[in-house]
Amino acid sequence: MPAFYPAVTLKYAALLADMAREAGAQPVFYLTWARKNKPQMQRGLTGTYMKAGIASEALVAPVGIAWQKALKDTPNLSLHAKDGSHPTPKGTYLAACTLFATILRRDPSGLPGRIVVDEKTKKGTLRYTLCNLKSAEVKPLQAVAWKIVEELHSYKPVTRDPTTQPSKADKK
């Protein structure tokens with residue numbers, strides 16, 4: 001939707017941001033990634049989410065930009081599932097690190113690659129492994145998430161598109 005119908009996305013993004021603020025929350029837009037077979041989509045996704053962030057003075061978690069950087073740095077990295085759209089566990093982990101860094105304004109380095117949760121049921125406790133990545137797999141994902149969040153200052157509300165050239169004020 002954001003890449004193909006940006007006007008509709010912007011309209012509803014503004015409404016959702018207003019609702020979040022009315023509830024006392026800081027809106028955060030999740031800037032998604034392009035499909036595997038359509039990497040050119042990233043430009044449209046990024047532009048639409050940045051415009052939404054500017055219009056709403058919201059945070060924008062640059063997940064798609066982090067994916068783009070990770071795939072550029074490591075072309076054989078598998079972030080897309082077989083359908084070419086949804087994430088693999090590594091793609092999900094990179095998205096989570098980017099959200100973590102954006103919302104908490106903290107470097108995700110050192111976060112575990114294995115996440116296990118327990119669910120209490122009437123029959124007892126069920127244990128689920130949500131993520132099971134090795135340290136060597138998560139360190140580069142943590143690093144790229146933090147690098148992109150830091151470069152774009154994603155932990156601050158967007159006032160202009162940071163993915164474009166610096167403004168005249170920035171050059172002074």
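Me: Leaving aside neighbours within four places in sequence, what is T48 in contact with?
Reply: P2, P6, T9 and L10, once neighbours within four places in sequence are set aside. Contact means heavy atoms within 4.5 Å.

Me: Where does T48 sit?
Reply: In helix α2, residues 41-56. Helices (H or I, at least four residues) and strands (E, at least two) are DSSP runs, numbered from the N terminus.

Me: Is T48 buried or exposed?
Reply: T48 counts as buried because its relative accessibility is 5%. Buried means under 20% relative accessible area, exposed over 50%, partly exposed in between (1.4 Å probe, protein chains only).

Me: What should I know about the model?
Reply: It is predicted: local features need pLDDT of at least 70, side-chain atom pairs count only at pLDDT 80 or more, and totals for chains, interfaces and linings use all residues. Residues are numbered from 1 along each chain as its sequence is written, and side-chain values use heavy atoms, with hydrogens and water left out.

Me: New topic. How many helices and strands does the chain have?
Reply: 6 helices and 4 strands. From the N terminus, the order is α-β-α-β-α-α-β-β-α-α.

Me: How much of the chain is buried?
Reply: Buried residues are 36% of the 172.

Me: And contacts between residues at least 6 apart in sequence: what share joins residues at least 24 apart?
Reply: That share is 61% in the chain.

Me: What box do the C-alpha atoms fill?
Reply: Roughly 55 × 40 × 35 Å, along the principal axes.
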